Amino acid sequence: CYLQITETNYTRLCHEKSILTVNGQFPGPTIYARKGDFIIVNVHNNGNKNITIHWHGVDQPRNPWSDGPEFITQCPIRPGGNFTYQVILFEEEGTLWWHAHSDFDRATVHGAIVIHPKRGTTFLFRKLDKEIPVILGNQFCLTMLHVLDKAKRIGGDVEPSDTNTINGQPGDMFPLCSRDDTFKVAVQQGNTYLLRVINAGLTNDMFFAIAGHRLTVVGIDARYTKPITVDYIMIAPGQTMDVLLKANRTLGSNSRYYMAARTFITLPVDTIRFNNSTATAIVEYTDSAVARPVGPPEFPVLLPAIKDEDAAMAFVKQLRSLGNQDHPVHVPKQVDEHMLIDIDINFLPCDANNATNKLCEGPQGNRFAASLNNVSFQNPAIDVLDAYYYGSGRGVYEENFPNKLTVIVNPTGDINGGGPLLTKRGTKVKVLEYGTVVEVVFQDLSIENHPMHLHGFTFYVVGRGSGTFDERRDPATYNLIDPPFQNTVSVPKSSWAAIRFRADNPGVWFMHCHFDRHVVWGMDTMFIVKDGKTPQAQMLPRPPNMPEC
């Protein structure tokens, strides 16, 4: 597989700008594979800046070298350079995706990964007539370099995106110059279509629905779920869902229906700027007996409102692992390492004497930051994986990421007991022995949801709840029978979510919020999983062609 990154002029919302594309496409090309395949991807960077590629949701057993996050597992690919990634599929089956993992580049550098069953086996659901990648994203009129540089320079909030998109297009509810390019799906009465839905957006969760049709969810993050039939889905950035669409409208009814993606947000909409838009595509019946292209398409009236938290939670709570003979559930029952990780939006004090930190347009004259257990992650200048591999981690990272927040938080959530919620920068990691069973409870202290993504592992989402996690009572509510198996979990505002996984993949693995502004602000950490005793439990050797810092 060959991916070439280049600068390309694109027009959206009647505005032309230069964006990074892959093989001249936006979104980028879909990679097709089968369960258990070994994929070689040669990435050539003909763009104007450093870049890396991450294979989101691919566990990459023993192979952190090709995971992709910048300065975590590799140095970036410089302009004019190239790097060959080895993408090792294992148990994944369904929809994943690939994207840039450097700065805000994934706004345009992304594409789907479609993983079919092994040869000789089939999908677990009815015969499909077609598979359709549906990539939800965000459109910025400004260049991503400008958006990032401005946020870093002034310390204020990141400029919101201008519209949502479906397969790169905002739809025909926007200016006339956008209408002709609206994404369209041709269907025929009685057929079944598999929509491979991906939230590739940088900034917000999304509700997704199709007018006049119900949707059947059969997978999340390339793992099968018990089928649930719903009027809408809520999908967080980083997540993927496999959704069946049955073209079952009656003869003589309308032949055109909107597919719509709307922002879901929990921030106070009256004080914080955000993307309040709905992207649309069109589902069109092409049967001669059904097709009646008269009037505008029908809009999904059951698409939830932008701040409908109850609708979001009602959907998420329905997700369950399939749990059959071919796809069993193996929830670890005994936990070796308990972690309670507080998620928060914080501030860094303004330093007028520091040339890179003297402009402060955040609240109360500070700079925005974010943290996990009050540690705001600081990217090192060299990649952590190399430092760990060569035993030279001293001065690059610290092995003391806390299992829980040790600072007392007052009832207002103010760690400092008055004034702004200040934090400190640090490159702190959590080191795990091979085979350790880990339970992480994410406690959201902020006023917005956070999609937390873990590289190198798929985890069971064993529990959720509102308010403050109670370690004596809340574990009794866990689902240890058929919890969903995911790589990205949406943690609701002022609530908690609990995950479990077995640390049986040696290497360095990034964990972070999938809102990109929060990654830049420091809502990140890493797990370093030590080698096990057998060769099959040890990291693969370092490839000789790793990019240099």
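1. In this predicted model, the centres of domain 1 and domain 2, taken over C-alpha atoms, are separated by 22 Å. The contact between the two draws on 28 residues from domain 1 and 37 residues from domain 2. These domains belong to a protein chain that is divided into domain 1 (1-121), domain 2 (126-312) and domain 3 (337-537).

2. Between them, domain 1 and domain 2 bury about 2,900 Å², and 64% of that area lies on carbon and sulfur atoms. On the domain 1 side, the residues that lose the most area to domain 2 are Leu-13, Thr-95 and Phe-104, which together account for 26% of what that side buries.

3. As for charged pairs, the rule finds 1 salt bridge across the interface of domain 1 and domain 2. A salt bridge joins the side chains of Arg-223 and Asp-59, with a distance of 3.4 Å from N to O. Polar contacts between domain 1 and domain 2 amount to 17 residue pairs, counted where both residues are at pLDDT 80 or more.

4. Turning to secondary structure, the elements that contribute two or more residues to the side of domain 1 touching domain 2 are β2 (15-22), β7 (94-100) and β8 (110-116). Of these, β8 gives the most to that side, with 5 residues. By residue class, the side of domain 1 that touches domain 2 divides into 11 nonpolar, 9 polar and 8 charged residues.

Technical notes: Residues numbered from 1 in each chain as written. Predicted model: local features only at pLDDT ≥ 70, side-chain atom pairs only at ≥ 80, totals over all residues. Heavy atoms only, no water. Domains from an automatic or database assignment. Contact = heavy atoms within 4.5 Å. Buried area = accessible area lost by both parts, 1.4 Å probe. Salt bridge = Lys/Arg side-chain N within 4 Å of Asp/Glu carboxyl O. Polar contact = N/O pair within 3.5 Å; in protein donor to acceptor, adjacent residues only side chain to side chain. Helix = DSSP H or I, 4+ residues; strand = E, 2+ residues; numbered from the N terminus. Nonpolar A, V, L, I, M, F, W, Y, C, P; charged D, E, K, R; others polar.
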